[in-house]
Each structure stands twice: as C-alpha cells, then as structure tokens.
Amino acid sequence: MKEKFDYSLQPGKKKTRRLCRDKIRPYVSVITPYYNGSRYFAQTFQCVINQTFPWFEWIIVDDGSSPREHEYLEKFAQKDSRIRLYTKANGGPAQARNYAVERSTTELIVVLDADDLILATYIEQAYWALCFHPDAGWVYTDSLGFGEENYIWKVPFDSNVLKKRNFLIVNAMIRKKALLAAGGYDDREKYSYEDWRLWMQLLAAGYYPLHLSSYGVWYRRTNEGSLSITSNSRSHHRRAQKKVKEVAALIRRPVKAIEYPVSGTELLCGISKTIDFEETDYETGRRGHILLLIPKLSVQGAGKHYYKFVKYISAKKKMDVSIMTTVPAEKSEQQKYERFTDKIYQLPDFLEPVHYQEFLNYYVRAKCVNTVYVADSYEGYAMIPWIRINFPYIVIRDYVHPKDRYENTADCKRISMVLNRFIDQTGFF
C-alpha cells in the first residue's frame, strides 16, 4: 500500500528547541553552502536547531551572496554558538562544500543545502548507524520531494544503476576520511553533477553506503538551483555527465549497501561500548522525560491508545515524550504523533536489533530519561531487567499486563507477568 504524507507538515516550521549559547563538543559537522538563500533559509535553520542530537557544529559558507543577504545570514549565525560563518567569492556549491570540509573539526560530515529540510532525529539516527558500521563510507535516507512537485522517493541501492542514473540526493552523512580519500567534491566547474560524481568516487575508493529506511530528508524542488541550471543546459549537462562516466568506469565490480530494516539479527543483552556525551537539558526545559517503548506507530487498534497516551502526557502533563518502536512499519503514521513530539525513533529504520540496547543506554544517559513505559513490545520487555539493573532510579511502568498469568493472550503479555519484580506500576490501556 502506498504511503500518504501530508506535505503541509514540513519540519522546521517552528523552533522546538532552545538555542545553544554554551560551548558543546561537536561530534558531527553540518556543512551548508549559501548563495542568496534567504527565501527558504529560516526553515532550514530551525530544522538544524531542532535536532535531537545537539553535539554538532554548523559550518555555513556564504558563497558570494549580496551584502544584504550576508547581513541577513549573519543575524542567524549570531543566534547559536555552534554556528561558524565563512565568506568567500562565488564558486558554486561544490567549492563551498570543500571549503567547509577543510574547516570542519569532526570526522562526520552532514551535507545540507540551504533550502532543504531534515527531520529532528536525522543527525542522531545517521550518527548511530555509522557508529555501528565503521567501514561504511556514508549513510543516507529516503526522502520526500516538495515544492514544485510532491513525491515519495524510495529506491533500493544498486551501484550498477547508479552508474547510469543518479537516484541519490545530495543530503547525506559522510565520513570525512572517506570524503577526503575520494578526492572531495569536483569543483573545477561551477555547474556539474558534483554530488553524483562524489558517490561514484566513494564507490571507486572502496566505500559502501548505509541506506536507512526513513524519510529523513525533505528535498526542495525548485527551478532556480544549480542542479536545474546544469540539467537544463545542453552543454553543462554533457560535460557534467562525461565526468560522472569517467569515474563510473573505475568501479570494476558491484558494491552492495546495507539496506534497512536488516533481518536476521537478535536482541543482544549486553553493552559493548558507550560514549559519554554531555547531558543536555537545554532543548525544552520541561519537567520530566518519559520514554515509550511500543511495537509500531499507529492510530488504529492498540495504536489508538498509544496515540492518546502521548497526546495526554505531552499536551496535558507538559512532559517530554520520546517514542521508540521495534517493528518495521509505515512511516506516514509518524506525522500524526509528531503533533506532540518530534523525538520518534523507529529503531528498525537505522539499527539492527543487536544494537537496540546500546542505543537505549546512550539515550537514557544523555537525554535524562526518568520514566520508561513499555507496551506490547517483545524487545521492550526483554530490556526491562537490564534497565532496572543499570538505571535503578528510573520508574518502569507496564501498560499491557494481563489480569491472570494463564489468560490466553499474547506472549509478550505473559512475559510482562514474569517481569513483575522489575516493574514499578502496571495498568491497562
């Protein structure tokens, strides 16, 4: 069944997190070329500020904008300590991106144009996907096209197809060492298919991608950008395509991506490593943080009760709510929950089950979670003893207990009875 998205519900329409005034150690560098982009930039700005992963630096390169546009951009750059603004003569987006990469201080580069949009969890999910796959060169998501036309873009990765037709957009998180090993963006000409050529360069250098099963990017379609100019000019198009073919010829064998969701792995009860991120409470300032572990997002059946619960906690109780789901499901349902929280993680979209617990370990520590609700999720119940042992201060509540141990009901409900001693409170939806 084809998913239906509401294209009026674009990310970044409002700011949901506080601006950062303090110095934060960055683990990711967002790079953005800017050229007279004031028409759409405010929404892109709020998309970045709204990120659930606050440990980033944002390098914006003013690529020869007008004085008035530069003044406009400076006002945004002064609002947040994580932003660094540079100015250079106009040379095109590829040159501006290379300029930004040279000045980045982290090992992960998020490429984001000044008019595109990203979901609040985009950087966080991409970061952790690459964290668990150190040999992968880059990670990308599916996307929603909007603007001149609205569409869903979800295409399986195929390196042979990519040699002939570019089905990837410019937005991705790329390892800096891979980007440099591949030679960076080809900036010898202002109008080219520099992003398409870069994917070929990465494949030729021996790197493979991760393809996340989420619509993390909203790609703005306009007739004004450099891509449109290149495509609509016969001479630009021919030269650009020739450069891509030159690199494509260097790829001798097919390259496979890791496609999410990944099947065949099981939940692992144990932690292999942790990263000590600074705790941050600047994002909302609400009076508590509740994590809801459920199978999938829906507003039908049991999902109707999850939805009402999230609405009640967020709107009535004025508390932060994060949602983690453990079963692959349609993504358009997420928009309905985003009315009340943008901290939504459909775990199969970016993690294998073997890594769920490690991600949860990071999340509880870094995001100051103080209550965990579990409902109907087998993986959620399996992690309850570990949560109790490692986070004894956390309140654990279960909302799917059967009334009787021998009631004819789902396996996960029987498991919840076995876990009584780890759970603080039980109840019914």
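Author: Side chains of opposite charge can pair when their charged atoms come close. Here the side chains of Arg-103 and Glu-102 meet in a salt bridge, at 3.3 Å from N to O. A salt bridge means a side-chain nitrogen of Lys or Arg within 4 Å of a carboxyl oxygen of Asp or Glu. The model is predicted: local features need pLDDT of at least 70, side-chain atom pairs count only at pLDDT 80 or more, and totals for chains, interfaces and linings use all residues. Residues are numbered from 1 along each chain as its sequence is written, and side-chain values use heavy atoms, with hydrogens and water left out.

Reader: Why is Arg-103 classed as partly exposed?

Author: Buried means under 20% relative accessible area, exposed over 50%, and partly exposed in between (1.4 Å probe, protein chains only). Arg-103 is partly exposed because its relative accessible area is 26%. Glu-102, at 62%, is exposed.

Reader: Which residue meets Asp-349 in a salt bridge?

Author: Lys-331 does, with 3.4 Å from N to O. This pair links distant parts of the chain, 18 residues apart: Asp-349 lies in the loop between β13 and α12 (356-366), and Lys-331 in the loop between β12 (320-325) and α11. Helices (H or I, at least four residues) and strands (E, at least two) are DSSP runs, numbered from the N terminus. Asp-349 and Lys-331 are both buried.

Reader: How far apart are the closest N and O atoms of Lys-336 and Glu-333?

Author: They are 2.8 Å apart, in a salt bridge. Lys-336 is partly exposed at 36%, whereas Glu-333 is buried at 14%. Elsewhere, salt bridges with shared partners join Asp-186, Arg-188, Arg-197 and Lys-243 into one network. The whole structure has 17 salt bridges.

Reader: Which residues form a positive surface patch?

Author: A patch takes residues with over 30% relative accessible area and no salt bridge, like charges being joined within 9 Å. Lys and Arg count as positive, and the charge is placed at NZ of Lys or CZ of Arg. Lys-304, Lys-308, Lys-311, Lys-316, Lys-318 and Arg-339 form the patch. Arg-339 sits in the loop between α11 (334-337) and β13 (344-346) and is exposed at 58%.

Reader: How many disulfides does a search of the whole structure find?

Author: A disulfide is a pair of cysteine sulfur atoms within 2.5 Å. The search finds zero. Cys-20 is buried at 5%, and Cys-368 is partly exposed at 32%.

How values were computed:
Patch = residues over 30% accessible without salt bridge, like charges linked within 9 Å, V, L, I, M, F, W, Y side chains within 5 Å. Areas by Shrake-Rupley, 256 points an atom, 1.4 Å probe, with all protein chains shown as cover.
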